[in-house]
Amino acid sequence: MQTVYNALINLSGIVLKSAGFFSGKLQKFTEGRKELFPKLENFCTHDQKRIWVHAASLGEFEMAVPVLKVLKEEFPDHQIVVSFFSPSGYENKKKHQYVDFFTYLPLDTPHNAQQFLEILAPEMAIFVKYDFWPNFLLELKRRKIRSFLISGVFKSSQLFFQSYGKWMQKSLQAFEHFFVQDKRSAELLKQIGFTNCTVAGDNRFDRVAAQLEGSNSIDFIETFKNDRTLFVFGSSWPADEALYIDFINKNPSTKFLIAPHEIHAEKIARLESRLKLQTVKYSEMKPEYLAKSQVFILDTIGYLGKSYSYADIAYVGGAAGNTGLHNVLEPATFGIPIITGEHIQKFPEALQLEKLAGLFKVSTASGFEKIAGKLLTDIEFRQKTGMISGHFINSNTGATKIFQEYISL
C-alpha cells in the first residue's frame, strides 16, 4: 500500500501542474512550491537550531499560535519555521512575531521528505490537528527527531483504523507524544497500540482567551457605538444577510456592525443597497458620520476579532449556507451571546455552546428576529447567555500549558 500511495502522490504532482491552468488556487499551489527548496536553503545558511511546525491551513496555524509563543519562550535560541499545505495559509501569513520563516510543505514523496528535512534539520517537529503525511513522518522517525501532535483529532473513519490502513499506523510511530482534543481520539489511538497520549484539549481556546490580555481598543468603533447596544455580524455571507437584513432595517435604535467575509466592491454595494438605515463604510469613513450612523460596514480585514469586544450580541456567519461556520470562539471569549445559521453539525464547539444555551442557531429570518429581539430587549437574558459563552472559553483553556509542562521536563 505504501508503494501505491507513493505512486499516487507522484501522479498528483503531475495532475496539479496541469490543473493550475484552470484554477487560480491550484496555480498558487504549484507555483508557490517551485522555488521552495532554494528559498529554504537560503534561509538555513546559518548554523542555528530550528523547530518545525506544520499547519494544513490558516485555521490550524491560529490554533498553533499559543504553542509558538511557548516555543519562543522555552527555546529562545531556536528559529521557528512554519510550513503550510494550502495557499490560503501561506498567502495570508508572510510575517508573524513568533515565526522566523514560512514555507509551503512539498508534496509528500520520499525524496521531498528527505530533502526537506536534510535542509531544515529541525531539532523538533510539531504537527497540528490532523494533517498527517506518512513519508514526512517516517523520515522524522528515521532521523530520530522529537515529534509531537497538538490539538489532535482522530475519527474511526480515518485510514489508521481500517484493516487496510496498518501501513499508515507505522507513520504515527514518529510521534513522541500525542496531545489530543478529546477522549474519543485517545481511545482510538489506544485501540491501535498508542498509549503515549494526553487529552489536553483544543489550543484554539488558549488562542482566543489570549485576546483578553492585549489591547482591544478601536477608536472608530468606539465612536460609532456611542454607548448604544451594538450587534456585530462577523464573517457574513449573502445567505446570512437573508436572515438578518430585515431585522436591521426594523431596529434603528440599535447599532449594527457588519464584517462581510468577502469585501469585493460589488458585493459590498449589493449589501449596502438593501440597508434602509444610515450606513457608513470603513473604506469611506468620515468621523462626523460615525456616531450618527446606525450601520457600519467593515469592508476591510484585521479588525473583526477586536470588534467583538464592543459587541453586546454577535452573529457568526457561514452556517446559513454551505460555506462553513466561522470562528464562534472569538466572540465567546468576550462573554457575549451568539447566533448562527443552522448548519453547525460539523463544528463541535458550536454544538457544545448550543447545548449550554450560549449559542442559538436559526434557519429563517423570522427565527432570527425572534431570538435577536429577545436578546435586545431582555437584558438579564442577554447577560446570562453571555456569561455562559465566557465560561465555556474559560473552562476549556489549558492545552498549551499541558504541552509546555511536557517539553519542559
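Predicted model: local features only at pLDDT ≥ 70, side-chain atom pairs only at ≥ 80, totals over all residues.

Reader: How many salt bridges does the count come to?

Author: The count rests on the 4 Å cut-off between nitrogen and oxygen. One of the pairs is Glu-62 with Arg-207, and another is Asp-378 with Lys-374. By this rule the count comes to 20 salt bridges.

Reader: How many residues apart in sequence are the parts that Glu-62 and Arg-207 tie together?

Author: The side chains of Glu-62 and Arg-207 meet in a salt bridge, at 2.6 Å from N to O. Glu-62 belongs to helix H4 and Arg-207 to helix H10, so the pair ties together parts of the chain at a sequence separation of 145 residues.

Reader: What is the relative accessibility of Glu-62, and what is the relative accessible area of Arg-207?

Author: Buried would require under 20%, and exposed over 50%. Glu-62 falls in between and counts as partly exposed, at 22%. Arg-207 is partly exposed too, and its value is 29%.

Reader: What separates Glu-187 and Arg-184 in helix H9?

Author: These two side chains form a salt bridge, with 3.8 Å from N to O. Glu-187 is partly exposed at 41% relative accessibility, and Arg-184 is partly exposed at 42%. In general, an α-helix has 3.6 residues a turn, so residues three or four places apart point the same way. Glu-187 and Arg-184 are three residues apart in H9, and the separation is about one helical turn.

Reader: How far apart are the closest N and O atoms of Asp-378 and Lys-374?

Author: Asp-378 is partly exposed at 28% relative accessibility, and Lys-374 is partly exposed at 37%. They form a salt bridge, and the distance between the closest N and O atoms is 3.3 Å.

Reader: Where on helix H20 do its buried residues fall?

Author: In H20, residues 399-407, the buried residues are Ala-399, Thr-400, Phe-403 and Ile-407. Seen down the helix axis, they fall within an arc of 95°, so they line one face of the helix.

Reader: What covers the buried residues of H20?

Author: The cover includes both helices and strands. Among the helices are H4 (58-74) and H10 (203-209). The strands include E4 (124-128), E5 (146-152) and E6 (177-180).

Reader: Which residues of E4 are buried on each side?

Author: E4 is mostly covered, with five of its five residues buried. In general, the side chains of a regular strand alternate between the two faces of the sheet. Both faces of E4 are covered, with Met-124, Ile-126 and Val-128 on one side, and on the other Ala-125 and Phe-127.

Reader: Which residue is the bridge partner of Met-124 in E5?

Author: E4 and E5 run parallel and are joined by five bridges. With helix H7 (residues 134-142), they make a right-handed β-α-β unit. The partner of Met-124 in E5 is Arg-146.

Reader: Which residue stands opposite Phe-127?

Author: Strand E1 (residues 50-55) runs parallel to E4, and four bridges join them. Opposite Phe-127 in E4 stands His-54.

Notes
Residues numbered from 1 in each chain as written. Heavy atoms only, no water. Buried < 20%, exposed > 50% of the residue type's maximum accessible area, 1.4 Å probe, protein only. Helix = DSSP H or I, 4+ residues; strand = E, 2+ residues; numbered from the N terminus. Arc of directions from axis to C-beta. Contact = heavy atoms within 4.5 Å. Pairing = 2+ DSSP bridges. Right-handed = clockwise from strand over helix to strand, strands pointing away.
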